[in-house]
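Here's a short tour for someone meeting this structure for the first time. Take a look, and then we'll walk through it piece by piece.

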Amino acid sequence: MARNFAICIGVNRYQSHLLPPLKFAENDARAMQSYLESIGFDDVLLYSDSTSDQPTLANLQGTIRHLSTSFRLGPEDSFWFSFSGHGFQQNGIDFLLTSDSDPSNLLPSRLKKAYIERDGHE
C-alpha cells in the first residue's frame with residue numbers, strides 16, 4: 001500500500017532585519033498541509049513561525065536527515081516538500097532561506113535544494 005509523507009514550511013518572520021517579513025507564507029503552508037491531509041497523506045509535518053517546530057536550518061536539516069535514514073520509500077510512495085518563504089539562486093543553484101538565515105553570510109545559513117533532493121546529504 002502506498003504511503004504519502006510531506007513537510008510544509010512557511011516563514012513569515014525572519015530573524016534578520018535584512019530579510020523583509022512576508023504576509024502569507026505561513027498561511028500557504030497551512031493550506032498545503034490541510035489539502036494534503038484531506039487527500040489522505042499519512043503524515044504532514046508543519047514548520048512555521050507559530051508552531052513549536054520552528055523553520056530554522058538546524059530543525060529542517062535534522063528532520064530531513066531523520067526521514068532519510070528512518071524511512072525507506074518504495075516506488076509507489078511519495079514525499080512532498082512545500083516551502084513558502086524567501087529564496088535565492090546563485091550560480092544556477094537554488095537555495096531556501098530558513099527563519100534564521102543570515103543574508104550577510106548565506107553559505108552556512110541556507111538550505112540547498114539539492115540537500116532535500118538527495119536524502120539529506122550534501
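Let's start with Leu 73, which sits in the loop between α2 and β3. Helices (H or I, at least four residues) and strands (E, at least two) are DSSP runs, numbered from the N terminus. Leu 73 counts as partly exposed because its relative accessibility is 39%; buried means under 20% relative accessible area, exposed over 50%, and partly exposed in between (1.4 Å probe, protein chains only). Together with Phe 71 and Phe 79, Leu 73 makes a nonpolar surface patch of about 240 Å². Patches take residues with over 30% relative accessible area and no salt bridge, with nonpolar side chains joined within 5 Å.

## What you're looking at

This is a predicted model, where local features need pLDDT of at least 70, side-chain atom pairs count only at pLDDT 80 or more, and totals for chains, interfaces and linings use all residues. Residues are numbered from 1 along each chain as its sequence is written, and side-chain values use heavy atoms, leaving out hydrogens and water.

## The sheet and its helices

Three strands form an open sheet in the order β2-β1-β3, with parallel pairing; strands pair if DSSP finds at least two bridges between them. β2 (43–48) and β3 (78–84) are the edge strands, each pairing on one side only. Between β1 (residues 4–10) and β2 there are six bridges, and Gly 10 has Ser 48 as its bridge partner in β2.

Helix α1 (residues 25–38) packs on this sheet, touching β1, β2 and β3, and its direction makes about 165 degrees with that of β1. Contact here means heavy atoms within 4.5 Å, while angles run from 0 to 180 degrees between N-to-C directions. Helix α2 (residues 57–70) lies across β1, β2 and β3 too, at about 165 degrees to β2.

## A hairpin

Strands β4 (residues 87–90) and β5 (residues 93–97) run antiparallel, joined by four bridges. Their hairpin has two residues between the strands, and Asn 91 takes a positive phi near 50 degrees there.

## Two salt bridges

How many salt bridges are there? The count is two, taking a side-chain nitrogen of Lys or Arg within 4 Å of a carboxyl oxygen of Asp or Glu. One joins Asp 77 and Arg 3 (3.2 Å, N to O), linking distant parts of the chain, 74 residues apart. Asp 77 is buried at 12% relative accessible area, while Arg 3 is partly exposed at 28%.

Glu 26 and Arg 30 also meet in a salt bridge (3.2 Å, N to O). They're about one helical turn apart because four residues separate them in helix α1.

Key:
Patches are made of residues with over 30% relative accessible area and no salt bridge: like charges are joined within 9 Å, nonpolar side chains (Val, Leu, Ile, Met, Phe, Trp, Tyr) within 5 Å. Accessible areas come from the Shrake-Rupley method with a 1.4 Å probe; for residues, only the protein chains shown count as cover.
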